[in-house]
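Subject: Structure for you to look at

Hello,

Here is the structure I promised to pass on. Please open it and keep it beside this email as you read.

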Amino acid sequence: MKSPVVFHAGLALVTSLLLSTGAHADPKILKKVPPDFPQEALRRNVSSGVLQTQLAIDGQGNVTDVKVVNASPPPARVFKDAATEALMKWKFEGSGKPDTAEVKLVFSQE
């Protein structure tokens with residue numbers, strides 16, 4: 001079972017749960033960057049939401065792609081750009097081969 005990774009970011013409480021999609025050990029996180037709570041969400045009166053994302057990680061541990069696979073409720077897609085920008089800055093321990101991971105981000109206005 002995975003351990004949750006919890007951090008606070010600006011106006012947002014962001015909880016992240018890393019789940020490997022493969023049958024091997026989870027990639028070890030070396031650097032996490034919390035997403036900002038987007039002003040666009042405030043303008044649209046979207047105060048919370050959950051994004052499930054899938055990360056592509058290269059052999060050196062760099063995130064090369066972020067896909068939002070689910071946003072709940074649907075207006076939570078307003079968090080997509082902030083989540084993608086932050087997750088692209090995450091760093092994992094390199095394994096020498098490409099890997100994938102799933103990250104769940106919970107945005108909530110404090």
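Residues are numbered from 1 along each chain as its sequence is written, and side-chain values use heavy atoms, with hydrogens and water left out.

**Confidence**

pLDDT is the predictor's confidence in each residue, from 0 to 100. The protein averages 82, and 76% of the residues score at least 70. Over residues 1-23 the pLDDT is below 50. In the model this stretch still has 71 contacts beyond near neighbours in sequence (contact means heavy atoms within 4.5 Å). Where pLDDT is low, the predicted coordinates should not be read in detail.

Helices (H or I, at least four residues) and strands (E, at least two) are DSSP runs, numbered from the N terminus. Two strands pair if DSSP finds at least two bridges between them.

Start with strand 4, residues 48-57. Strand 4 pairs with strand 7 (residues 99-108) in the antiparallel sense, over 10 bridges. There, A101 in strand 7 is the bridge partner of L55. Strand 4 also pairs with strand 5 (residues 63-72), again antiparallel, over 8 bridges. Here Q54 has K67 as its bridge partner. Strands 4 and 5 form a hairpin with 5 residues between them. In the turn, G61 has a positive phi of about 95 degrees.

Which side chains of strand 4 are buried? Buried means under 20% relative accessible area, exposed over 50%, and partly exposed in between (1.4 Å probe, protein chains only). G49, L51, T53, L55 and I57 point to one face and are buried.

G49 has a relative accessible area of 4%, so it is buried. Leaving out residues up to four places away in sequence, G49 touches S72, P73, A76, F79, L105, V106 and F107. The C-alpha atoms of G49 and L105 are separated by 8.3 Å, though these residues are 56 apart along the chain.

**Helix 2**

In helix 2 (residues 80-87), A82, A83, A86 and L87 are buried. They cover an arc of only 120 degrees around the axis, which puts them on the same side of helix 2 (the arc is that of the directions from the helix axis to the C-beta atoms). The face turned away from that buried side carries the exposed residues D81 and E85. What covers the buried residues includes strand 4, strand 5 and strand 7.

**Aromatic rings**

Rings of Phe, Tyr and Trp (its six-membered ring) pair if their centres lie within 6.5 Å; planes under 30 degrees apart count as stacked, over 60 as edge-to-face and the rest as tilted. By this rule there are 4 aromatic pairs. The rings of F37 and F79 have centres 5.3 Å apart and planes at 65 degrees, so this pair is edge-to-face. F79 and F107 are stacked, at 4.3 Å centre to centre with 10 degrees between the planes. F79 lies in the loop between strand 5 and helix 2, and F107 in strand 7, 28 residues apart. F37, F79 and F107 form one aromatic cluster.

Best wishes

Definitions and conventions. Predicted model: local features only at pLDDT ≥ 70, side-chain atom pairs only at ≥ 80, totals over all residues.
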